[in-house]
Amino acid sequence: MAAPEGVDDAGRSIEPTFDTEDATLGAWSTIELPAHWVLTGQGKRGLPWYTNVQFPFPLDPPFVPDENPTADHVRTFVLPDGWGLGEEGGLDVLRLDGVESFASVWVNGTWVGTTQGSRLPSELDVTGLLRAGSNEIAIRVSQWSPGSYAEDQDQWWLPGIFREVTLHHRPAGRIDDVYARPDYDPATGTGRLEVEVSGPAAAFPAEVVLPELGVSTTLTGPGLAVLEAGAVEPWSAEIPRLYELDVRATGETVRLRTGFRRIEVVDGQVRVNGQRLILAGVNRHEVGASRGRVFNEEWSRADLALMKAHNVNAIRTSHYAPHPRLLDLADEIGLWVMDECDLETHGFEAVGWQGNPADEPAWREALLDRARRMVERDKNHPSIIFWSLGNESGTGRNLAAMSQWIHERDHQRLVHYEADFAGQYTDVHSRMYPTLEEVAAVVERDPASPAGTGPVALSGIPASRLSPGQAAHVRTLPYVMCEYLHAMGTGPGGAEGYTKQVEPNPRHLGGFVWEWRDHALIDPRPEASGALRYGGDFGEDVHDGNFVCDGLVTADSVPSAGTRAWAASVAPVVATALADDPGAVELRNRFHSRTTQGLALAYQVLAEDSGQAVVTGQVKAPELAAGESTVLRVEGLGEAIERLRREEPQAVVHVQAAVLDPVVAGIPATSPRQVDPVTGAVLLPQIGQSTEDGLRVMNLRETSLAPLVPATTRLSVSEPGARRVSGAVELGQARLDSLGRLVELGGVEIVGPEVCAWRAPTDNDDGHGPVEYWDVAPTPQNTVPT
């Protein structure tokens, strides 16, 4: 417990005071909670502040500025009838689900305690402080605290009570904790559930029940119940099958949902339910443009549905545990989850990690407390496959202690932390923004280093400093890109290159794109008229500008072109028209567990510059199990290609093959649509959008077929002295090919000029790529021929 008012001569905490009658505080106003006070009050209560790496205050742990924005909150309420006031053995608990960053709490004038750990729950025992009738809770919230040094997470600093505050009466016959550990045997299709139950003696006997399966057992005291569930349907992100679990004690029934699944690592490969796991994931900060990190279930459900529409199958909860209800939605909708602890100390990197909480003994218990609160709150969610210790906090003994505690508490899930490059205390080798060459160095077998002892990263990268033995060790671990591509500006680009490396390399898990959403906030000041703002727009003295806007979707949920390109590259089912066998399509099912049942194949065929109408068609996809592929002849496709090539033999014929999904909903096709230039008919919408029949475009790929007959010369010869020679044209000392391109001058062969793409630089280019667009001029070596 912190001592916000200091300690007395005996070392005892001095109790803070809270006087609602103190006239020097000024007039009280109202606020609707949960809220960040800087996003309310039309800007008169302060404004948001954005930093990426640097702290917005001097680095002097554990001290924070004396000028510390603070808000006092008071709520008066009437205790409901039948509360159980004074019940022998009962407890009254006040729960705060999220307060940034420090709270002192009073109940009916009595100081109860303090909380830190902004995105983690805190529970305070208020037994004996409540009374019949009217009661008063007071909470003083300060923006900065010692805990702020552990919350430097590339985001807006948004003070306030931004998650629920709830008061609970816990009866004498209560259940204190339930820990359900499901298992699924893929060989037999059967499930097993271990349920650890704790509570006072008065709670027992307690019945542990899976009602749907008709399986139960009774505990006579705290302990472990084992339910052999028999045949069950397993949980996966594609088929998120949930079962209700009841624990019926003498004083209450605790009800939760569980899903049967098995997580294991076999020869460095992560498997769930016996099948290889591949992540097409995104990093998700919990932020909305209007209310910051305040949770809205309808908005969050739509946010996850937008992910699913664009083939996202996993989220990393960067860089803190989300609102608990979000994980309920992940269980229900189906997403693999890496649940990350509320920890980042990135600002210490500027001083060589001196005093870093991740390694300082004085911070050990504070960091362990954060890990415990995350795991204990979220341990019953089947969607969670990984625990992550935090983000960009260097490395150190306290992170190792967190990992050890988690491994002892949870024997099923894997522990992740990117900066444990040597794999000393975590279960996967993780990298941020590796090059394709670095990925290959870890996941592919290098003939030049059969023992796997060569470097795993480029020179200058911390991971490059591993010893040969450490390098060999990490090459036995699963590999994940916890952040890659960086979706700022015109990003992400090059997605297909990273995707192609995943499937052929069994230890490669895939990764999480940085990041899902722009963090731009709506300016609360009336004169701003609802404008979106990023770092520096609120007058911050220290900030990191628009680096907070680097998402696959904008702050108002509009996907970028790069989002659709990434969605195409990771699509779980892919249809590709074959150039060497016109009319044939290769269909590959890359799902983890779902078949292709119900999917449809659609095609569009266009003869380039021909004036011919686009030929379209749609057929039912054959059913393929996960991991299977086939080549099929699609009804009508071959005939359409043959006719267009016969009628337009000099035209390039483009064949688009699309996979349409009736299960995962797409978003409305509100953006401009492609139309047939001849007939005006509407063509397929973009990836992630729904057709008029309500089918989501999961994937769309194009194959171009060369002309049957080479194009005739397009160059007319009318210049005096020009003459045709072997399909080319000679004009004086110049020789041009049939398309009018200069190929020889005075007997010297000419290559080019070629049209090369050199786009304007974007913020994402500044220090994040092999070519520094801001500083390097275009050359033939660093441009791309079109």
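Aromatic pairs come first: the count is 15 in this structure. The model is predicted. One of the pairs joins Tyr 50 and Trp 156.

**Aromatic rings**
- Tyr 50 and Trp 156 form a tilted pair, with 5.8 Å from centre to centre and 55° between the planes.
- Tyr 50 belongs to strand β1 (residues 49–51) and Trp 156 to strand β9 (residues 155–157), so their pairing ties together parts that are 106 residues apart in sequence.
- Tyr 50 and Trp 156 are both buried.
- One aromatic cluster is formed by Trp 49, Phe 55, Phe 57, Trp 144, Tyr 149, Trp 157 and Phe 348.

**Charges over rings**
- Arg 119 places its charged end over the ring of Tyr 320, 4.9 Å from the ring's centre.
- Arg 181 lies over the face of Tyr 179, and the distance to the ring centre is 4.7 Å.

**Helix α3 against helix α4**
- Two packed helices are described by the angle between their axes and the distance between the axes.
- Helix α3 covers residues 364–378, and helix α4 covers residues 397–409.
- Their axes come within 9 Å and cross at roughly 30°.
- The crossing of α3 and α4 is right-handed.
- From α3, the contact includes Leu 367, Leu 368, Ala 371 and Val 375.
- From α4, the contact includes Ala 401, Met 402, Trp 405 and Ile 406.
- Arg 364, Arg 372 and Glu 376 of α3 also take part, as does Arg 409 of α4.
- By class, the contact has 9 nonpolar, 1 polar and 4 charged residues.

Definitions and conventions:
Residues numbered from 1 in each chain as written. Predicted model: local features only at pLDDT ≥ 70, side-chain atom pairs only at ≥ 80, totals over all residues. Heavy atoms only, no water. Phe/Tyr/Trp six-rings, centres within 6.5 Å; stacked < 30°, edge-to-face > 60°. Helix = DSSP H or I, 4+ residues; strand = E, 2+ residues; numbered from the N terminus. Buried < 20%, exposed > 50% of the residue type's maximum accessible area, 1.4 Å probe, protein only. Lys NZ or Arg CZ within 6 Å of the ring centre and 35° of its normal. Axes fitted to C-alpha atoms, helices over the stretch in contact; angles between N-to-C directions. Left-handed = near helix turned anticlockwise from the far one by under 90°. Contact = heavy atoms within 4.5 Å. Nonpolar A, V, L, I, M, F, W, Y, C, P; charged D, E, K, R; others polar.
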